[in-house]
Structures are given as C-alpha cells and as structure tokens.
Amino acid sequence: MEAEYMKLKPTDRVSLTFYPNFAVAIKPLLLRVVDRWVHSLKLGTTSTVPSPSDAFRTLRRLRSASHWHTHPVLITMTVGLANLILPGHLTDPVVLKLAISELMEIWKSAVFSTSPGEPTKPSTNSDPTAVRPSVADEFDWSFLPSLGSFEQSESLAVEPDMTFEAMLRTLARLPESLDATQANETRYDYATPALLTLEVVRKTWSVIELSQHAPFIDLLEGLLKAAPQSRVPPILATRMTGMYDKLLFERYEAMIERFGLKYTPIVDPAKPGKARETIATSHEKHEELNDSKEGFRFPFSEPPRTPEIEEFATKQISSLFNARERRDAMWMERIRSNVCKFAQLQNLESNVLPIEVYEHLMLAFLEARHPESAVQVWTHMGKAGYKMRVNTYTAVMRGAQFSRDVSGLHSMWKRMRQAGIQPDHQAWSTRIFGLLRLKQTRDGLLALSEMGKEWHAAAHEQHARENKHTRKNANTPEVSIAQLLIKYPGDINGVPRPNCAIMNSAISALANTTDWEVGKVVAWGRTFGIEPDLITYNTLMNIAMRHSKANDALKILQRMRERGIEPDSTTWTVLLTALFQGGFLDGLDHAAQEKKVFGLLDTLTSESDNLSFDVKAYALIIDRLLKVHSNVSAASAVLNHMLENGCQPTPHIYTILMSNYFDSQPPNLPAIEALWARIEDSKGSKTAPMDGIFFDRMIEGYAKLHHEVGIQPMLDFLRRSQHLGIKPGWRAQECVARALAERGEWNRLSGLVQDVRARLRTSHGATQYHGQADFWDFVISTGVLNDESITGREQLMPKEKRPSPLLRA
C-alpha cells in the first residue's frame, strides 16, 4: 500500500492525502491487507505479507489514520481469528502469540488517541471520555480508564438497555457528533470484536503468555460483568445467520451462552414481519422448551401480579440454574443487575418480583463463593420490604454449607428461630446435613436430637390438649412415644415429624466424614419408627465396602431384598467395589480384562429392565482399570460405552484420566492437551463444570513438568480456578511454589506468597489446614520472607477464623 503511494509525485501525494474521501477510499485496500494476513496465519507465511499494524503505521505516516479504519479492521481480524482458533485450526503457540499481539495493537489504536506527536505521560483523568495520550510501549495499558469511571459517565445515559455496547463505544472514542440513533448502527458495533476477543483469549491463555495484556482483558470482562443482560450484537448475529460450518456454529453458540447474551431476532428486509433464522443460547432454548409445555408454570409461592412479571422471573431463575451449574459469577452479576433494574425501569414497586428470584440469587452467589454479593441481595430484600420466610433462610444455610461457613449457618438458624419462623423438613435437613458435612459432628447430632424432641414435645402437648377433660389418677400411665407415633403419623401444628429423608441426610453426611457415628443415627431413626429405604441401604453398603467389609455389604443387600426393595445402579456400584477388591481382574492380560468387564456390564444391565448403569459405576471401573491394572485401552472402551449410553463424563472421571496421563512414563502430554480441548469444547453442554480437585491435579501435574512445558500452564490453571471462585489446595500451591523456586522465579514466588496471605486475611468460613504447614515451611526455607523476619509457620497461619460475612446480613 505504501509502495503504490510512494510512486506518486510529491504534489499528488499531498493532494491525495487531503482528499476528503481518502479515508473511505483506502478502506477496501486496508481490509484486503487484513484478510491476507489472517489467511497467512493458517499457511504459516506471515513473514511474506504486511500485518495490520504495519498498515496502520503506514496510514499514520500518511497522516490518514482514522477511527473509520479501526472498527472494520477489528471486525475483520476478530472474526478471522475466531474462525481459525475456536475450531482448533490454529494451534501453533508462536503464531498464536503473533496473532494476539497484533490484535491487541489494533485495539490500542481504537482506544487511545492516534493523533501524531510524542508520547505523553498517562492521563490521570478518570473520565472514560477524556482525551488519551499516545502510548509507546506495546504492553503499557496504563492509559485505560477505570471500570468505576464508566458508571458516572453521562454518555452512557443515552442507551440504558445497551450499556455494554455504549461503554465500548465510549471506550473506542467515537466522534462527539454521533447521536444515539447513529450509535445503534452496525458500523459502530464494537461489542462483536470485544466478545470475540474475549473468547479468543480464553482459548489461547493456556498456550501463550497474555499477562501483559491483562489490564485490557480485565476491563472488557468488567464492563460485561457490570452491564445488564445484553443482546447478541448485530454483526455477530448477522455472521451466525446462515452459518454452514456446524462445528464453528457450535463454538459461537457456546460463547453466546457463556456470556449470557440475549438474542433479538434480525428481521429480513425482504420478508417484513419474518425474523431471519439465527441462534438462541442454550439456556434460552431451555426456557422456550419450558414455555412450550402446555400450562407450564414455575411453582411460585404466590402468583405474580402480571404475566410479564411471571415470564421475567421464570427466565431469571432458569438462567440462575445455568449460571450455578457453570459457577459463572459474571453471569450471576448480570442477572442481579437485571433483577434490580426490572421494577425500576417499569415504574413498579420494589418488591414486585417473587421472593423465589432473590432466594435463588443468594444461593447462587454463596455456591460460587461470593458471600458479599449474597449479603447485598439480602440487604436489598430488606429494604424492598420482603418478609423473610423459612425458604429464604434455608437457601442461605445451603449456600453457607457450600462455602464451608459454619458460623454463617449457625447465625441464619438462630435468626430464623428468633424471628418466630417454624423450620420445615427442608430447613432441618439442610442444617443437620451442613453441620455433619462440615465435621461439626457433635452439633449435627445435637440438631438431630433437637428435631426429635421438638416433635415429641408438640405431640405430647397436643395429646394433653385433646385429653385435658379426661380425669387422671395416680395409676394413669404416661403416654409413650410409640403411642404418640401411632396417634400422630404426620406433622403437628407445623412441627415436622422426623422421617427417612432426615435420617438419610445425616447418614450421607457422616459417610464422608465420621462414618463410625452412623449407628447413632440409625438408632435415632428406630426411636421414631423410621424404616431404612433404598438410599439408606446403599449408603450403609458403601460404608461397609470402604472398610473392606464385603460380607457385611452382602448381608445388607440380602436384608434389602428381603424387604422387597430392588437394587438400583448405585447398589451395583457398591458391589462393583467389592468385586475389584476381591481381585476380579487379577491374573488376566489386558484383552481378557476388557472382555470380562464388558461381560459384567451386560450381566448387570440385564438384571433389571429398569436398571441403568450410572456414571459413578463407570468412574469406578475406569479408575480401577487405570490405577490398578494400567489398562488404558479397556478404560477408553468403557468411556466410549458410557458416552454411547448417554452418560456425560463428570469432573471425577476427567480427574481420573488426567491423573493417569500425568503419571504415565513419560507423561502423555498430547493426551492431556487433547482431553482439555475436549473439556473446553463441551462447555455449554450438560457437562458439569470442573471442581477444585480437578484444578488441583492439573496445577500439580503441570508444576511437576515445568522443565518440559514451562511455568505458564500451571499458572494458567491456578488463575482459572481462582477466577471460578475455587480455592486451590495447599498441596497444589506448594507444587507451584517449588516449581517457581527451582526456576529462580523469585518475583513470581513472592507474588504467589502475597496472594495467599491476602486470601487468608479475607477468607471466611472454614479454612483448609491440610498441607498448609508444609506450604509455609517450604516458603520460609526459600528465604523470600527473610526481610520480614518470619522464621516459623506460626507467624503466618491464621490463629482464628474470620467472621462470616453472613453475620452482617
């Protein structure tokens, strides 16, 4: 482009540069340069074609760079990169790093002034619309406005329903003459390249180092999080309309769901009134399915005032289910923003929405380990005039159990009782299970006893009230609990009677902590005439097998069948454990082991027409085949069998597979990368999100292989887990610290230590102590804390728990 320009005479060059439509005339040539560059990425010939940044530098030398150029270039670049990276067509780390660097440079051209002149110091003006300086350092993003400055910007008021797009237009510095109508045009759609940039970065941050661009990426994520639910941007929706590449379409669909975008149909001008067919997000499809069911209604405790309110509330709760499943705190924040603004935008009373919306919102935040946000929702409910009910307290107690917040659980129970609210079965079950699961065994068993005593007292009082006119004498015996159980088979005046569900909650919690206390719960159940059910027997068999008591497990199975209770898939999973412990596959070669396993699968599934093999049984078989028998081919065959039968892999199964790949000699890095790509591609499906154990194993595995793969993979998974609100285990953090120390990365190690100390200062609820002493002992041995005169772990480990944020609710 510059070569053709330089062939002109000097006078012609000056005339052309100042030609009024030069910026428009040069646009097709500029986009052709970008197209060729994107194509060269796939061919590996980038050194033979000019890059987009080269073209912009040329335009600046010609004094012709304009905001008219950055937007179409960003669109062309991000769409082209997404089409290469999302389906996995571009994987070379060197080429990926070049591509992302180029993209960031064009974004930098879009978000700060391109006027010529010497670079100036970064502006301290917090107004996002203020003039930005030129920035010489390609990694310097200090000129960016803060996220908070957007909330006060007057330029956002023109379009309250499109805040994310409005913020981006402000960030991209469009002309001051642009009015609200023009701002809605496709040519000013900066949301599409922003979303595609976030998705491309998400797909590449495990492969290349992107921390230098974190300020800009964090700002984009912050804007998306702070904004209300946004539509699918017009250019993105148009691109997806009629897209024939099924794989690419699925990647775009997953991206839309991940960002929680709202789809607005594009009307085909050729067919007025008929919307062009395009994509709806997965959660919107779920909502449409629900809405299509005749008479479908979410079971609100009180009917919403209008159909519009009911529709809005139902959609928010449906979205919360999806956000909870994916532990997507950003999505939850957008839902909260929608909820808070709904009544205000429609000039309705603040408590117009059903209380269930807020209860689900608090539970979602607590499950995602964001208690402060849950407290804000609670505070809003109080100010809006909502009256807390038993379901409200139960939701918060469930969330406290997820976040391991014992004091918060106690506090909510106490406040509920002080408010005069009678707990129901669900509230008792939540409290008892939470205490026992959090290893508060004494308090949990006391709560179980307390529930029984409350019903007994209520039954005794009711009996006395009914027989107050009956003449008593010294020989009249006191009514026994057995007689009361016969006389009052259910709840009494709202006081719930102990039942099998309560007993199973207690047994299930103890089975994973202090299973030797299970006998006390069973004895408690007998006191109230509670007979074990299928869940009880399965749990008891599982405990027996855990202690290698196969004979006891078989006796429990026999007792269960004598009572006419048919086994289910969980029962067979317990029995599979017994088979493997008994040497079921010992002495066989790999082919014979695979044949015997599939023979067992056929036998068990033929035992009952209604029996389906569940994912826990598959996980058990895969685990034993890999860990005990090192039979990778048989494990793969079982995994395929599971998928063919409609079972999706769980985080546990993925953890088993990843652990095996890391432990192989040599480690099977291609298999690790392929499985992680499969996990990433499955986002948006019914696959459960990865849990803390999975991330710990990934961090530990990559940390041990830092000599082969470098430190970036372990740091990326550490960042991913923290981004999801998952606290990394102490063992995983110690592995990271050891890897950094071995490589002499002392600044990074110091940063890791400071991050850990900061989390300990702000942690709430229960803190993991397993492995913490070893972590601090190693850190102290490296000498990174010598300047602080720290010589022992006691100076670093917290002496007491930080008060629960729920205490401030």
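Q: Why is Ser 505 called buried?
A: Buried means under 20% relative accessible area, exposed means over 50%, and partly exposed is in between, with a 1.4 Å probe and only protein chains considered. Ser 505 has a relative accessible area of 14%, so it lands in the buried class. This is a predicted model, where local features need pLDDT of at least 70, side-chain atom pairs count only at pLDDT 80 or more, and totals for chains, interfaces and linings use all residues. Residues are numbered from 1 along each chain as its sequence is written, and side-chain values use heavy atoms, with hydrogens and water left out.

Q: Where does Ser 505 sit, and what does it touch?
A: You'll find Ser 505 in helix α24, residues 500-511. Helices here are DSSP runs of H or I with at least four residues, strands are runs of E with at least two, and both are numbered from the N terminus. Skipping residues up to four places away in sequence, Ser 505 touches Ser 429 and Phe 433; contact means heavy atoms within 4.5 Å.

Q: What makes Ala 523 partly exposed rather than buried?
A: Ala 523 has a relative accessible area of 35%, so it falls into the in-between class. It's part of helix α25. Its C-alpha atom is 10.0 Å from that of Met 503, which is 20 residues away along the chain.

Q: How do you know that α22 and α25 are roughly parallel?
A: Look at the angle: α22 (residues 441-466) and α25 (residues 518-527) pack at about 0°, with axes 11 Å apart. That angle is why α22 counts as roughly parallel to α25. The cut-offs are under 35 degrees for roughly parallel, over 145 for roughly antiparallel and 65 to 115 for roughly perpendicular, with the rest called oblique. Axes are lines fitted to C-alpha atoms, for helices over the stretch in contact, and angles run from 0 to 180 degrees between N-to-C directions.

Q: Which residues meet where α22 and α25 pack?
A: From α22 come Leu 445, Leu 448, Ser 449 and Gly 452, and they meet Lys 520, Val 521 and Trp 524 of α25.

Q: What makes Asn 493 exposed?
A: Asn 493 has 62% relative accessibility, so it goes into the exposed class. It belongs to the loop between α23 and α24.

Q: Why isn't Ser 630 put in the exposed class?
A: Its relative accessibility is 48%, so Ser 630 counts as partly exposed. Ser 630 lies in the loop between α30 (615-627) and α31 (632-644).

Q: What kind of peptide bond joins Gln 665 and Pro 666?
A: A cis one, with omega at about -5°. Most peptide bonds are trans. Pro 666 is in the loop between α32 (651-663) and α33 (669-681).

Q: How many helices and strands does the protein have, and how much of it is buried?
A: There are 39 helices and two strands. Of its 809 residues, 52% count as buried.
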